[in-house]
Amino acid sequence: MLAAAFLIGISLPTAIGWLIVRTMEGGTPVLFRTERWALGFVLGTTATMFLAFVLNVTFGVPFTRWGFLLPQIIILAGLALFQWKYLPSASRLPLPAPQLTLPHFSLLIKSLIAILSIWFLLKLAAGAVLLTATPVYQDDVFNNWNMRGKLFFVHQELVLDIPLGNETTAAEGVSSYPPALPLMKTFLATVAGRWDDGLVNSIHILWYLATLVLVFSLLRRLLGAGWALVGTYILASLPLFLMHGIVPYADAFVAVHVLAAVGYLFTMLQLHQTNARALPFLRFSALATGLLLFTKNETLLLHLPPLLLVLACAIGYLRWRGTMSAKDVLCALAWYAGCIAVIAIPWLLFKWSHGLPFGNAKPIGGLMLAWQENVLLSIAINTFLEGNWLFLFPLLFCLLAVRRRRALASPLLVCTAFFLMVYAGQIALFLFTGLSTEVLRQTGYARGLLQIVPLAVVIATALLADTVDAIKKD
Amino acid sequence: MTTRSRTIVLLALLLLPFSVSAKQETVWSFVDSVNPPGDWEGKGLDSAQMTDVGLLVQTEHEGQLARDTKWAHGVDTLRVTYASETPTTMQFRWHARGTPPSHMVVLPVGLEQTSIPLTLDLDLTQFDQWDRHTPRVALAFEPGATVVVRALAFTGYNVFEKARTAWSSLWEFDDLRAYSINFLWGPQMTYNPIARAEIFRHFPPLGNSFNWVAYAVLAVLLAVLFVRYCLAHRNMGAVRREIAAICAIFAVFWVFLDVRMGLEIMKYLRDDYVAYFSQPPERKEFRDRGHFHTFVGSVDPLLKAERRYVFLAPSAWPFLGLIRYLTYPSLPTMPGEGQKDVRTWVVFERPDIAVNADGRLTEDGNPISLPGEVIHEFEPGTFLFRTN
């Protein structure tokens with residue numbers, strides 16, 4: 001029963017997401033098949049939960065099995081009908097859809113890939129058991145994400161007051177977080193007809209796997225399958241990122257949206273100079289940017305402004321180069337404005353009307369600016385000396401220094417600039433405000449970094465490939 | 001003899017002193033009442049006498065026993081073998097060279113109440129003030145102490161033993177804890193067996209991050225490459241091969257850490273299997289939450305009919321938030337809040353809460369509930385109580 005609930009609960013949003021993505025591609029499929037499913041799953045789950053939220057707060061549609069399923073079935077049917085009527089079938093596509101082909105590796109490389117793949121699967125299996133078969137353990141699981149999901153499940157509506165405050169664990173204020181993630185848990189539980197921790201937590205490992213698929217696909221398109229495997233291994237080997245795949249927190253969920261929003265903008269810029277198939281990527285980025293705002297609070301203040309800045313620069317550059325027409329520019333801006341407005345306006349109006357704070361469960365208005373001691377030391381320890389990231393950040397920073405021209409004077413700038421702005425923004429908050437405790441106690445710094453770590457991997461892999469090419473040429 | 005052979009022989013000769021310098025230990029045994037170990041100076045103690053079972057210290061006043069060390073080797077760890085009539089705190093004191101002569105560094109050490117001799121292992125290297133060649137040490141006792149000190153063993157480790165322990169330390173793993181979602185300590189290097197056994201019992205852990213080794217190796221290799229490239233004007237072909245070698249070493253470090261950290265994830269699962277999955281319900285323990293989840297699982301059906309219940313636990317965190325989540329929509333009340341209307345009391349690991357002759361729950365002997373009865377007792381101090 002639980003397995004059936006899981007399959008139904010995952011399939012419907014994924015199918016909707018797949019159809020949305022496929023519709024956005026239009027007559028020009030640009031995604032790998034697995035990538036389309038992964039992206040469809042990510043965008044579909046968040047979009048359908050946004051739909052459930054809007055229907056609940058505007059029309060009072062309850063969070064019941066049919067309250068979730070009926071709108072999804074209607075949307076699914078509508079999208080399928082649209083696709084059947086207006087989109088060409090695969091046999092009549094103007095360009096062949098990209099297929100995933102792996103290059104011929106030597107036996108040594110094949111063996112290495114096999115060993116590392118088996119090792120990854122072992123870790124993943126262990127993590128899946130820990131995620132789905134052990135009782136809830138971490139604070140934010142039972143005070144926030146799962147607690148709110150259970151509240152919605154029990155009351156069948158968007159409840160903002162958690163009945164008992166827990167002063168020690170600061171549960172107060174968690175209602176200000178967007179409800180996408182808890183709602184997905186509520187949805188799975190309503191399909192099953194009961195609350196089961198294993199079932200509602202199981203979705204987290206899918207977000208983790210979707211991130212790996214998207215990183216592989218982005219790099220595959222940019223650098224080829226060999227480097228895509230390297231980049232995917234780098235991400236899959238990061239211990240703290242795996243922890244976030246097997247513990248039901250929201251940061252990996254944010255990370256995959258950030259990756260889609262920035263990664264596809266980067267792909268668009270990369271392709272637009274040579275390839276007419278670039279514009280669909282911009283639409284994926286626009287939708288991911290809108291949905292990103294419905295994942296966690298910090299996305300509005302930390303992620304959206306730098307994303308809009310790099311978007312403006314990218315589109316401005318293409319227009320200046322003359323590779324993007326004025327019509328395409330307007331169309332692109334309309335996509336972003338539309339996606340952001342559709343998601344942000346209802347959500348922010350809801351927050352404002354209910355007096356919910358805009359910070360991460362804490363108001364941001366009262367932050368005093370003052371230099372905070374020992375923050376840099378704590379950041380250095382967490383980033384370079386603990387087991388969280390292996391050697392990703394020393395590698396990344398060395399590559400950024402050595403290959404700065406490639407990092408800053410190529411389409412990769414989209415990723416690099418976004419990463420550096422968000423990272424610098426986070427560090428500035430920690431260095432000059434009372435949020436420094438998040439670093440000194442190591443409660444928030446790494447999780448903020450985790451949200452942009454897939455992008456860091458994309459940048460590091462691209463620069464690594466570039467470095468190897470440069471050495472070969474010398 | 002070729003250059004390579006000469007180098008190997010030279011290296012072997014250079015390393016010979018290390019191999020002959022094995023672990024060194026100085027044991028001061030007090031069991032031999034005829035020949036006490038060294039000249040001890042007593043100060044302030046009521047009584048300190050040699051007996052067949054060791055040095056018996058009995059005192060109602062604070063005092064100490066001190067002596068010069070005269071060790072022939074450096075010391076990293078101390079093992080104390082003792083018995084004590086009561087739980088007490090002993091101080092291990094030492095003089096660090098370069099500080100004023102009367103200055104002693106104080107390390108308080110908790111002693112358990114025991115009639116059977118126990119050993120207490122101390123890693124002294126974790127203290128910045130520790131002097132491996134301290135000229136003077138002392139044992140100080142607090143008023144009311146009755147302690148038998150059987151032996152003090154001071155051990156020093158040579159560089160090979162330290163390297164071996166550092167390597168084996170890398171395979172010591174942390175437990176899965178509440179903080180593991182925020183950071184993972186990663187492999188730590190300690191240099192003696194006592195520190196190795198205690199790495200992750202300390203916060204932050206003992207030892208140094210293994211990453212330092214990787215950074216040091218890579219920095220040296222890159223520096224050598226840079227010097228050879230700049231000074232020797234080597235051709236790019238040769239440099240390319242050396243860069244490839246350095247990249248390969250970096251990749252080896254990466255995969256090594258991946259394996260090490262992956263094994264830690266496996267170890268989390270193994271721990272849960274041993275303590276939780278494989279145990280019968282009454283013996284299931286879940287990480288540092290002990291029997292909590294099993295207990296709540298056993299009382300949850302009894303709480304379903306209750307809108308609210310009083311919850312008493314050793315601490316609010318994490319149990320209050322957890323039980324709220326686990327039993328929702330039944331809700332725990334905060335201790336001391338709205339208990340009059342509530343009939344059900346959930347008590348977890350509070351042996352100080354008991355039922356008196358009137359059938360009331362008592363805390364430190366004071367009644368805190370109306371009369372009732374224990375509906376379900378999980379273990380002493382952990383039960384569900386319902387008022388009449």
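**Notebook: burial, salt bridges and cysteines in a predicted model**

I began with chain B, where buried residues make up 46% of the 388 residues; buried means under 20% relative accessible area, exposed over 50%, and partly exposed in between, with a 1.4 Å probe and protein chains only. The model is predicted, so I note that local features need pLDDT of at least 70 and side-chain atom pairs count only at pLDDT 80 or more, while totals for chains, interfaces and linings use all residues. Residues are numbered from 1 along each chain as its sequence is written, chains are lettered from A and ligands numbered from 1 in the order in which they are written, and side-chain values use heavy atoms, with hydrogens and water left out.

**Chain B overall**

I looked up the secondary structure of chain B and found 7 helices and 21 strands, which are DSSP runs numbered from the N terminus (helices: H or I, at least four residues; strands: E, at least two). For the overall form, I noted that the C-alpha trace of chain B spans about 95 × 70 × 35 Å along its principal axes. Its radius of gyration is 30 Å, whereas a compact globule of 388 residues would have one near 21 Å; the radius is taken over C-alpha atoms, and the globule rule is 2.2 Å times the number of residues to the power 0.38.

I then turned to contacts, meaning heavy atoms within 4.5 Å. Of the contacts in chain B with a separation of 6 or more, 65% are between residues 24 or more positions apart. Chain B exposes about 19800 Å², of which carbon and sulfur atoms supply 58%; accessible areas come from the Shrake-Rupley method with a 1.4 Å probe, and for residues only the protein chains shown count as cover.

**Leu170(B)**

I picked Leu170(B), which is found in the loop between helix H2 (159-169) and strand E12 (188-189) of chain B. Is Leu170(B) buried or exposed? At 2% relative accessibility, Leu170(B) counts as buried. Leaving aside neighbours within four places in sequence, I listed its contacts as Pro187(B), Gln188(B), Met189(B), Phe210(B), Phe256(B) and Arg260(B). Val148(B) lies 22 residues from Leu170(B) along the chain, and their C-alpha atoms are separated by 37 Å.

**Salt bridges**

I counted a salt bridge as a side-chain nitrogen of Lys or Arg within 4 Å of a carboxyl oxygen of Asp or Glu, and the structure holds 32 of them over all chains. In chain A, Lys296(A) and Glu298(A) form one, with the closest N and O atoms 3.4 Å apart, and both of these residues are buried.

A second bridge in chain A joins the side chains of Arg403(A) and Asp466(A) at 3.1 Å, N to O. This pair links distant parts of the chain, 63 residues apart, with Arg403(A) in the loop between helix H15 (392-402) and helix H16 (404-408) and Asp466(A) in helix H20 (residues 453-473). Arg403(A) counts as partly exposed at 23% relative accessibility, whereas Asp466(A) is buried at 17%.

In chain B, the side chains of Asp68(B) and Arg136(B) meet at 2.8 Å, N to O. Here too the pair links distant parts of the chain, 68 residues apart, from strand E5 (residues 63-68) to strand E10 (residues 136-141). Asp68(B) is partly exposed, with a relative accessible area of 37%. I also found a network of salt bridges linking Asp174(B), Asp175(B), Arg177(B), Lys267(B), Arg270(B) and Asp271(B).

Which residues make the nonpolar surface patch of about 430 Å²? The patch is made by Trp66(A), Leu70(A), Ile73(A) and Ile74(A). For patches, residues need over 30% relative accessible area and no salt bridge, and like charges are joined within 9 Å, nonpolar side chains (Val, Leu, Ile, Met, Phe, Trp, Tyr) within 5 Å. Ile73(A) sits in helix H3 (residues 65-86) of chain A and counts as partly exposed at 37% relative accessibility.

Gly60(A) is in the loop between helix H2 (33-59) and H3 of chain A, and is partly exposed at 49%. Gly60(A) and Leu271(A) are 211 residues apart in sequence and 44 Å apart in space, C-alpha to C-alpha.

Cys415(A) is in no disulfide, the nearest cysteine sulfur being that of Cys313(A), 14 Å away; Cys415(A) is buried at 0% relative accessibility. Cys247(B) is likewise in no disulfide, with the nearest cysteine sulfur, that of Cys398(A), 11 Å away, and counts as partly exposed at 46%.

Notes:
Disulfide = S-S within 2.5 Å.
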